[in-house]
Amino acid sequence: MARTCALHCSAWFRTKTGDCGDVYSLRMMTVQQRAEQLDTTKFFGVPIAGFENAGRRQLSLLLMCGVEPTSKVVDLGCGVLRGGYWLIHFLDSGCYHGIEPHRERLSSGVTTILEPETLEAKRPRFDVNAAFDTAVFETRFDFFLAYSIWTHASKAQIKIMLDNFVRDSTPGAMFLTSILPAGWRRPVYTGEKWFGTSHESDMAGCIYHSVKWIKDECRHRNLHLVVLGRERDGQTWLSIARDYNKNGVLFRTIWIESRWWRLLRWFRSRRQSA
Ligand SMILES: C[S@@+](CC[C@H](N)C(=O)[O-])C[C@H]1O[C@@H](n2cnc3c(N)ncnc32)[C@H](O)[C@@H]1O
């Protein structure tokens, strides 16, 4: 808990005592321009090109899944707050929780991406543990978000995140996450550690997991999985929940269906109405 508060307070203090010119110029910039201000000699875990849109997309999906300003959200591996920025703005004070063990990424997000007045008003809570431990916040969450995390996490780490979801979420909660599905030219990752850049590694890379394996892990925990669809950049969104009826987005699908799928649905509806 001390770690959680310390980060918040130091950023708040810097804002209060910092150079007013900096604060003013930050407010004048778009989120994309702020991301472009990050140190270009370093990798912050996500591409800077398209930073603003990629972050906003995470909020859009949560909105379609029913997130409300009062929802409690935990963002696992929140990095430089690419998605966190929009969630912090949308959610009520104290409702956003971010876990990020790479301290420099997190503090860059807090000081370069987020506006000082938003930090003060929305009081986001952060923790730097590397065990995906959501219990540190002593809260039950309505949403778990792990975007571009299972594209680097080992099977053991995914199991921990699912166990923590069962332990620390409300009965109607939803876990939204993204994967790169394994296939014949994309072997399943069998390593035991995180693969990609982190607080411990500078080696970039992504890994693949089998949807069937994730489905089985969900079933063992009485969780229900829905494959929501694939983004243009290749990541596939999954939604996981205890309750079959509460799982999924508000719309039947937000992704364009393939021609074959549309044809199949048309045949099925014709058969039902006949
Ligand atoms: C590809 S980035 C995605 C960041 C963020 N979710 C987004 O969409 O912008 C993956 C993030 O996970 C963080 N990470 C690495 N190991 C982690 C761990 N054990 N627990 C939580 N986050 C971790 C990395 O430092 C990095 O910031």
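Helices (H or I, at least four residues) and strands (E, at least two) are DSSP runs, numbered from the N terminus. Residues are numbered from 1 along each chain as its sequence is written. The model is predicted: local features need pLDDT of at least 70, side-chain atom pairs count only at pLDDT 80 or more, and totals for chains, interfaces and linings use all residues.

The sheet is open and has 7 strands in the order 3-2-1-4-5-7-6, with mixed pairing; two strands pair if DSSP finds at least two bridges between them. Its edges are strand 3 (125–127) and strand 6 (224–230), each pairing on one side only. On average, neighbouring strands are turned by 15 degrees against each other, direction ignored.

Parallel pairing is seen between strand 1 (residues 73–76) and strand 2 (residues 96–99), over 4 bridges; here Leu76 has Ile99 as its bridge partner. Strand 5 and strand 7 run antiparallel and are joined by 6 bridges, with Ile179 opposite Thr236 of strand 7. Strand 6 and strand 7 are also antiparallel, joined by 6 bridges. These two strands form a hairpin with 5 residues between them, and Gly234 in the turn has a positive phi of about 105 degrees.

Helix 4 (residues 51–64) lies across strand 4 (141–146), strand 5 (169–179) and strand 7 (236–241), at about 145 degrees to strand 4. Contact requires C-beta atoms, placed from the backbone, within 7 Å. Axes are lines fitted to C-alpha atoms, for helices over the stretch in contact, and angles run from 0 to 180 degrees between N-to-C directions. Helix 9 (residues 211–220) lies across strand 6 and strand 7, at about 150 degrees to strand 6.

Note on methods. Contact = placed C-beta atoms within 7 Å.
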